[in-house]
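Please keep the structure in view while reading.

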Amino acid sequence: ILSAVSGMGAGAAMVAVSHPLSAMVAVSREGVWATVKRTASLTGLRALYKGAPLASGALSSGLCLGANDVIRRAMQSGHDQAMTPFEVGQAGTAAGAIAGLLEQRRLGFVSRFAISTGVFFGVSNLVRTRCFAEDQSLQAVVVGGAVGGIVSETTRLSLENVSAYAKAVKLVGPSAGFHSIVKSMGTQVARSLPGTVSFVITASAIQKCFT
């Protein structure tokens, strides 16, 4: 239950941070800060959150973290050793598939969501457990979440746009096509990073408040 509650809070926090950034980038090329000032002066901060999927984001994240906790407990039952990052990734993939069904009941979407979620959990766990003496410290949580978010978002975009990337390479050549692909993906990954960091910090903070 605690994992589900922390997931709901973290999901809402992620949407609250990432949605305005996406909206601002979509409407302006002047830069994020210039767009913030202009939007705030013209329509108020409420406009930045117009259409923000706070409820669905919270429910999806709550279901994902809740399912992940149940699956991990089942996998670890009868075993004294801690789960490996690969096993954590497996549990995350299963949890991602369950949460993905809540958002869209399409095989392609659910598969991509499950894989990217598994990558996020596995990579985050790998970074926290291998690079930090205290894997639950704030620094470990932030760095693990950031690295996991970068890798998982890159994975998701690659799976989502594989046909478009192949077409770009065919039209403009391997070198130019690869350059445009990397530039496009880099922008989207960077845009998602603040939301991912807010997600892991919020989830960790809520769990620490009740344990």
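## Basis of the angles

An axis here is a line fitted to C-alpha atoms, for helices over the stretch in contact, and the angle between two axes is taken between N-to-C directions and runs from 0 to 180 degrees. The model discussed below is predicted.

## Helix 5 against helix 6

With their axes 7 Å apart, helix 5 and helix 6 pack at an angle of about 150 degrees. Because angles over 145 degrees count as roughly antiparallel, helix 5 is roughly antiparallel to helix 6. The crossing in which helix 5 passes helix 6 is right-handed, and the contact of helix 5 with helix 6 has, by class, 11 nonpolar, 8 polar and 4 charged residues.

## Helix 5 against helix 4

Helix 4, which covers residues 85-103, packs with helix 5 at an angle of about 145 degrees, and the axes of helix 4 and helix 5 are 6 Å apart. The crossing of helix 4 and helix 5 is right-handed. In the contact of helix 4 with helix 5, the residues divide into 12 nonpolar, 10 polar and 2 charged.

## Helix 5 against helix 3

The axes of helix 3 (residues 54-76) and helix 5 (residues 107-131) come within 13 Å and cross at roughly 60 degrees, which means that helix 3 is oblique to helix 5. This crossing of helix 3 and helix 5 is right-handed.

On the side of helix 3 the contact is made by Ser-60, Cys-64, Leu-65 and Asn-68, and on the side of helix 5 by Phe-113, Thr-117 and Phe-121. By class, the contact of helix 3 with helix 5 has 4 nonpolar and 3 polar residues, and no charged residues.

## The largest pocket

The largest pocket holds about 1,100 Å³ of space. It is lined by 31 residues, and those that lie nearest its centre are Met-14, Glu-103, Phe-113, Glu-153 and Arg-156.

The elements that give two or more residues to the lining of the largest pocket are helix 1 (2-27), helix 3, helix 5, helix 6 (138-160) and helix 8 (174-209). Helix 5 gives the most to this lining, with 7 residues. The lining of the largest pocket divides into 10 nonpolar, 15 polar and 6 charged residues.

## The second largest pocket

About 910 Å³ of space lies in the second largest pocket, which is lined by 31 residues, with Asn-68, Arg-72, Arg-128, Gln-136 and Gln-207 nearest its centre.

At least two residues of the lining of the second largest pocket are supplied by each of helix 1, helix 3, helix 4, helix 5, helix 6 and helix 8. Helix 5 gives the most to the lining of the second largest pocket, with 7 residues. By class, the lining of the second largest pocket has 12 nonpolar, 12 polar and 7 charged residues.

Note on methods: Residues numbered from 1 in each chain as written. Predicted model: local features only at pLDDT ≥ 70, side-chain atom pairs only at ≥ 80, totals over all residues. Heavy atoms only, no water. Helix = DSSP H or I, 4+ residues; strand = E, 2+ residues; numbered from the N terminus. Parallel < 35°, antiparallel > 145°, perpendicular 65-115°, else oblique. Left-handed = near helix turned anticlockwise from the far one by under 90°. Contact = heavy atoms within 4.5 Å. Nonpolar A, V, L, I, M, F, W, Y, C, P; charged D, E, K, R; others polar. 1 Å grid on protein atoms, 1.4 Å probe; cavity = no way out; pocket = protein on both sides within 12 Å on 5 of 7 lines; lining within 4 Å. Points joined across faces, edges and corners; volume = space filled by probe spheres on them.
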